[in-house]
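Please examine the structure shown below. The questions and answers that follow treat its loops, helices, packing and selected residues in turn.

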Amino acid sequence: MTQAGICIMLAIIVYLSLVLYIGYRFSKKNNSADDFYLGGRKLGPFVTAMSAEASDMSSWLLMGLPGVAYLAGIADAGWTAIGLAVGTYVNWLVVAKRLHRYTIAANNSFTLPQFFANRYRDNKRILQYVAAIVIVIFFVPYTASGFAACGKLFSSLFGVKYFTAMVVSAVIIVGYTTLGGFLAASTTDFIQSIIMTIALIIVVVYGVNVAGGLNVVVDNAKALPGYLDMFASHNAADNTASPYGVLTIVSTLAWGLGYFGMPHILLRFMAIEDGKKLSLSRRVATIWVVISMSVAVFIGIVGYSVSKTGSLEMLEGSNSETIIVRIADLLSQHGVLTALLAGVILAGILASTMSTADSQLLAAASAVSSDLLGKRLQKGGKSALLAARVTLVLIAVLGVFLARDPNSSVFSIVSFAWAGFGASFGPVVLFALFWKRSNRYGALAGMVAGGVTIFVWKYLVRPMGGIWNIYELLPAFLIACVAIVLVSLLTPAPEKEIVEEFERVAANR
């Protein structure tokens with residue numbers, strides 16, 4: 001192994017050792033399933049903010065977004081980033097405090113499916129079971145994509161077999177998450193967000209320097225038709241521009257709707273120690289998201305200029321997503337110090353993937369052990385905690401099985417899973433928090449309608465093209481909202497007890 005390779009491996013080993021140590025430290029603080037899945041509601045405002053955003057962004061921030069900007073310019077990446085930034089802010093502003101208060105009032109619910117059942121007094125727990133099934137359907141393959149990303153990264157860096165690299169990555173993620181639960185995942189996510197930020201800064205500074213300066217980067221981008229135009233998309237194949245229409249913009253902005261239904265993000269709102277500090281968390285989270293996504297888009301533009309200098313080959317198709325990895329490799333060739341910095345960049349990519357995988361793993365495990373099997377276990381006791389850990393390991397094994405083939409396109413599931421959660425849970429969360437006339441029948445109808453529409457639109461409607469070629473989250477979200485309103489109005493009004501609880505939560509500002 002070369003000197004650069006040794007330095008890169010050293011940086012990654014230090015990082016992985018740190019997250020395992022955090023898992024060990026927090027293992028002593030988990031005395032019940034409630035602690036394991038929600039950390040006893042003890043998160044501070046900064047950890048709440050940064051862990052929520054780190055678990056949200058995943059490798060998409062350091063690979064997907066720069067890759068899109070590298071190939072097509074700022075329109076697609078820019079509108080997506082705007083939609084996500086607005087969605088982030090509105091979610092923290094509108095949902096966070098109300099959800100924190102309401103989950104405590106609704107029998108101290110510590111999972112999202114449990115909240116739905118307690119909020120609507122669904123004694124048969126149908127809402128809870130259906131919500132848990134939705135989580136398993138979308139999160140297990142989502143988690144597998146995280147394992148696959150780690151496996152491909154290690155495999156390409158060190159020349160080891162993909163499956164071996166993927167299993168080692170999964171074992172580390174499962175290790176600290178199984179030991180420390182939610183507190184360990186949130187703390188490591190906080191650290192991972194810092195590493196991701198450092199990686200972004202190093203890449204953009206070094207990339208601009210290699211490209212020949214900021215003026216050269218801008219001039220190269222201006223020379224490409226539509227590259228810096230928010231209302232046009234650059235076509236790399238024939239060096240032309242095509243209009244980026246209103247329908248496409250609306251469809252792309254719809255990514256922001258997904259935030260209202262993301263279990264691993266909403267859990268952070270529920271887990272903060274003091275709900276009054278969520279305002280601070282909102283400001284921190286929003287600022288970080290806006291800056292980090294802007295820098296990620298800019299890295300794609302810088303990456304094109306670096307390739308144009310001949311320092312890197314021109315990237316095509318999905319290879320554009322490796323632009324940060326290529327820049328890190330270029331950086332590693334200038335000595336020990338730069339090799340260590342390259343290791344930090346690659347650890348940032350690893351961190352961005354792990355920060356999402358651990359949160360998804362916890363959410364999927366809670367859906368099974370708590371929401372599907374909860375009645376069969378002693379609530380809050382050691383048996384429930386053991387079941388939580390065993391379930392997490394079993395789901396991880398299933399994720400490893402799904403990710404075993406290095407050629408499988410697991411990543412394509414990410415946008416589909418985002419849409420699935422956004423449409424299945426987002427409208428239900430909003431109406432549960434802000435419309436006291438909604439009832440369990442409406443919530444169930446909205447959840448089912450949103451989830452089913454995702455599949456129907458994705459595989460039957462969207463392939464028709466034209467005006468139907470819009471991101472499935474938008475129509476599914478709207479249909480779910482209509483279903484909740486209609487079914488709630490056509491069925492009996494909520495009981496007095498439910499309405500009074502709603503009014504108490506609404507009045508407690």
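Q: In which loop does Asn-108 lie?
A: This is a predicted model, in which local features need pLDDT of at least 70, side-chain atom pairs count only at pLDDT 80 or more, and totals for chains, interfaces and linings use all residues. Residues are numbered from 1 along each chain as its sequence is written, and side-chain values use heavy atoms, with hydrogens and water left out. Helices (H or I, at least four residues) and strands (E, at least two) are DSSP runs, numbered from the N terminus. In these terms, Asn-108 lies in the loop between H4 and H5.

Q: Is Asn-108 buried, partly exposed or exposed?
A: Buried means under 20% relative accessible area and exposed over 50%, with partly exposed in between (1.4 Å probe, protein chains only). The relative accessibility of Asn-108 is 37%, so this residue counts as partly exposed.

Q: How are H4 and H18 oriented to each other?
A: The axes of helix H4 (residues 74-105) and helix H18 (residues 496-507) come within 10 Å and cross at roughly 140 degrees. Axes are lines fitted to C-alpha atoms, for helices over the stretch in contact, and angles run from 0 to 180 degrees between N-to-C directions. Angles under 35 degrees count as roughly parallel, over 145 as roughly antiparallel, 65 to 115 as roughly perpendicular and the rest as oblique. H4 and H18 are therefore oblique.

Q: Which residues of H4 and H18 make the contact?
A: Contact means heavy atoms within 4.5 Å. On the H18 side, the contact is made by Ile-498, Glu-501, Phe-502, Val-505 and Ala-506, and on the H4 side by Arg-98, Arg-101, Tyr-102 and Ala-105.

Q: How many residues in the contact of H4 with H18 are charged?
A: Ala, Val, Leu, Ile, Met, Phe, Trp, Tyr, Cys and Pro count as nonpolar, Asp, Glu, Lys and Arg as charged, and the others, Gly among them, as polar. In the contact of H4 with H18, six residues are nonpolar and no residue is polar, while the number of charged residues is three.

Q: Is Glu-501 buried or exposed?
A: Glu-501 lies in helix H18. Leaving aside neighbours within four places in sequence, Glu-501 is in contact with Tyr-102, Ala-105, Ala-106, Arg-119 and Arg-121. Its relative accessible area is 4%, so Glu-501 is buried.

Q: How are H8 and H11 oriented to each other?
A: Helix H8 (residues 214-222) and helix H11 (residues 278-308) have axes that come within 9 Å and cross at roughly 90 degrees. H8 and H11 are therefore roughly perpendicular.

Q: How many residues in the contact of H8 with H11 are nonpolar?
A: The axes of H8 and H11 come within 9 Å. Their contact has two polar residues and one charged residue, and the number of nonpolar residues is eight.

Q: How many residues in the contact of H7 with H13 are nonpolar?
A: The axes of H7 and helix H13 (residues 336-372) come within 7 Å and cross at roughly 140 degrees. H7 and H13 are therefore oblique to each other. In their contact, eight residues are polar and two are charged, while the nonpolar residues number 21.

Q: With which residues is Ala-170 in contact, leaving aside its neighbours within four places in sequence?
A: Ala-170 lies in helix H7 (residues 162-211). Its relative accessibility is 4%, so Ala-170 counts as buried. Beyond the neighbours within four places in sequence, Ala-170 is in contact with Phe-147 and Val-400.
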